[in-house]
Amino acid sequence: MPEPIYLDHAATTPVRPEVFEAMQPFFGPRFGNPSSLHRWGREARAALDEARERLASTLGAHSDELCFTSCGTEADNMALIGVWRSRRERDGRNAAVATPIEHKAVLGALHEVAHEGGEERLLRVDACGVVDSSSFDELVNDDAAVCSVMWVNNEIGVMQDVPAFAQRAHQRGVTFHTDAVQAFGKVHIDARKTPFDLLSISGHKIGAPKGIGALFIRRGTPVAPLMFGGSQDRGRRPGTENVAMAVGLARAAELTVAEREEECGRLNALRERLEAALLERIPDAVIHGRGAPRAPHVLNISVPGTDSEAMLMALDLRGVACSAGSACQSGSITPSHVLTALGVPADLAGAAIRMSLGSLTTDEGVARVAELFPTLVEKARRLATA
Ligand code: PLP
């Protein structure tokens, strides 16, 4: 059996050895609690402060603008619910707005806002997944507290014009959040140049472990805490800080940003090659989001007459790991909410396979998948018509 091929980097990435190495001392002798005043505590505090500073510098942010969280989901929840609660109280603005193609971390937070009496509003997207700017002007208005537009979509890779939306939200006095979990390392992010108020990232998408994320909160942005207790992170997020993970996230972020241009060029070339090969062999295949600006690591393909679950299993049997839509939805047979929002018919949405490229993707792996996938499609179609 040839080497297995991992094409699921949008679900998660392997921990980088440099990250593992940077974290190791904090599972050993440097175990202190950063709130303690003694030497162990001071050492942990220094490491945490340094991690915050290093991460901040990868975003063009001040270190006090970064809040470490347990994951991207927590960062998204904190941004949406925290800002909405705060601004409803302060300014009486009651609506929260997002795109219908957000990750469930944002959409779930929006439902919570509605559950607490707020108004949930969804923007429109076109058939490629690009946010319709007239719906933005309509819905992001004087009643809106917060608006969230993801920078890169996790299922189809489509990129939004975040700088323009952030600016337009400000003109209406609306706090602007972007989920950059898939964008970090794929687009240039600089808080000094782009006026987002909040931005979420997640460690495990960029070579740090699962269970660490961060929320950038621009100075002066009102965010009510979601947890209560200690005074860590100046009360924004109580709980003893996870020093090892913060150190790991900072290291991963530095490496990712340093390699961004070269790695994006490499992934883009590989994705283009794979896409062209698949379309040549399967001319009726549909690549979702094609025609819109896309991040280089995602390719989402539907082949009419196939079914994503059966295809995923057939690929897995031959050592190729992909996913259907987003990993969090695997196991559920409902079509992806993202493809549904694009107006993709249910049968085509039910055939979608997401291939996501990253550090483990090689020329040889792409060539093998370009060869294998069409043969599996032929087989599936033969079975379906037999
Ligand atoms: N936002 C996007 C766009 C994602 O792709 C993910 C994870 O798949 C998340 C948020 C959630 O991040 P985490 O897994 O760290 O909770």
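Seven strands make up an open sheet with mixed pairing, in the order β2-β8-β7-β6-β5-β3-β4. Strands (E, at least two residues) and helices (H or I, at least four) are DSSP runs numbered from the N terminus, and two strands pair if DSSP finds at least two bridges between them. The model is predicted: local features need pLDDT of at least 70, side-chain atom pairs count only at pLDDT 80 or more, and totals for chains, interfaces and linings use all residues. Residues are numbered from 1 along each chain as its sequence is written, and side-chain values use heavy atoms, with hydrogens and water left out.

- The edge strands, β2 (66-69) and β4 (119-122), each pair on one side only.
- From one strand to the next, the twist averages 20°; angles run from 0 to 180 degrees between N-to-C directions, and axes are lines fitted to C-alpha atoms, for helices over the stretch in contact.
- Strand β5 (residues 144-148) pairs with strand β6 (residues 175-179) in the parallel sense, over three bridges.
- Cys 147 stands opposite Phe 176 of β6.
- Helix α3 (residues 72-91) packs on this sheet and touches β2, β3 (95-98), β5, β6, β7 and β8, where contact means heavy atoms within 4.5 Å. The direction of α3 makes about 160° with that of β5.
- Helix α2 lies across β2, β7 (198-202) and β8, and runs at about 115° to β2.

**The three-stranded sheet**

- Another open sheet has three strands in the order β9-β10-β12, with antiparallel pairing.
- β9 (286-287) and β12 (352-356) stand at the edges with a single partner strand each, so one side of each has no neighbour in the sheet.
- Helix α7 (residues 243-281) packs on this sheet, touching β9, β10 and β12, and its direction makes about 10° with that of β10.
- β9 and β10 (residues 298-302) are joined by two bridges; Val 286 has Ser 302 as its bridge partner in β10.

**Helix packing**

- Helix α8 (residues 308-317) packs against helix α11 (residues 363-385) at an angle of about 130°, with axes 11 Å apart.
- α8 and α11 are therefore oblique to each other, a class left over once angles under 35 degrees (roughly parallel), over 145 (roughly antiparallel) and 65 to 115 (roughly perpendicular) are set aside.
- The contact involves Met 311, Ala 314 and Leu 315 of α8, and Leu 372, Phe 373, Leu 376, Val 377 and Ala 380 of α11.

**Salt bridges**

- The structure holds 33 salt bridges, each a side-chain nitrogen of Lys or Arg within 4 Å of a carboxyl oxygen of Asp or Glu.
- One of them joins Arg 45 and Glu 241 (3.8 Å, N to O).
- Arg 45 lies in α2 (residues 39-59) and Glu 241 in the loop between β8 (213-217) and α7, 196 residues apart.
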